[in-house]
Amino acid sequence: MKKVSLLGILAVVILMAGCGEDPKLTTCQQENTDLQAKLAKAASTIEQNELMIDKLKAENTEVQKKALESIRTIMEKQNAVTVEKNNKLKAEQEKTKELEKKIMELEAAAAVAP
């Protein structure tokens, strides 16, 4: 009977030791929970960053469009100024040719006249 009692106690002790929580298992479970929380936070951060990137891309596109419009406007104005200056220059060159022609005519008339 002593042997049976001793075996029963031994069996209970073994069962209790096996049923207790393994510290490694508890540590792994805690690490798993921590890593899942970090993963969720990282996924949220990535999603926020992607939204920010999309927003910045849209803003950049808008700024580039406005810049191109401004450049086009400046170039059109500069072209208009250049055309106007060229027209004035041509007009002045024509006046100069006419005056040179008159001077030559006057010089020729002065040379013929005694």
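Predicted model: local features only at pLDDT ≥ 70, side-chain atom pairs only at ≥ 80, totals over all residues.
## A first look at the chain and its surface

Residues are numbered from 1 along each chain as its sequence is written, and side-chain values use heavy atoms, with hydrogens and water left out.

**The chain as a whole**

- The chain has 2 helices and 0 strands; these are DSSP runs numbered from the N terminus, with helices (H or I) of at least four residues and strands (E) of at least two.
- Of the 114 residues in the chain, 0% are buried (buried is under 20% relative accessible area, exposed is over 50%, and partly exposed is in between, with a 1.4 Å probe and protein chains only).
- The accessible surface of the chain is about 11,000 Å², and 64% of that belongs to carbon and sulfur atoms; the areas come from the Shrake-Rupley method with a 1.4 Å probe, and for residues only the protein chains shown count as cover.

- L68 sits in helix α2, which covers residues 23-112.
- L68 is exposed, at a relative accessible area of 52%.

**Salt bridges**

- The structure has 2 salt bridges, each a side-chain nitrogen of Lys or Arg within 4 Å of a carboxyl oxygen of Asp or Glu.
- Side chains of opposite charge can pair when their charged atoms come close.
- E84 pairs with K88, and their closest N and O atoms are 3.5 Å apart.
- About one helical turn separates E84 and K88, because they are 4 residues apart in helix α2.
- E84 is partly exposed at 46% relative accessible area, while K88 is exposed at 52%.
- K95 and E92 form a salt bridge at 3.8 Å, N to O.
- Both K95 and E92 belong to helix α2, 3 residues apart, or about one turn.
- K95 is partly exposed at 48% relative accessibility, and E92 is partly exposed at 44%.
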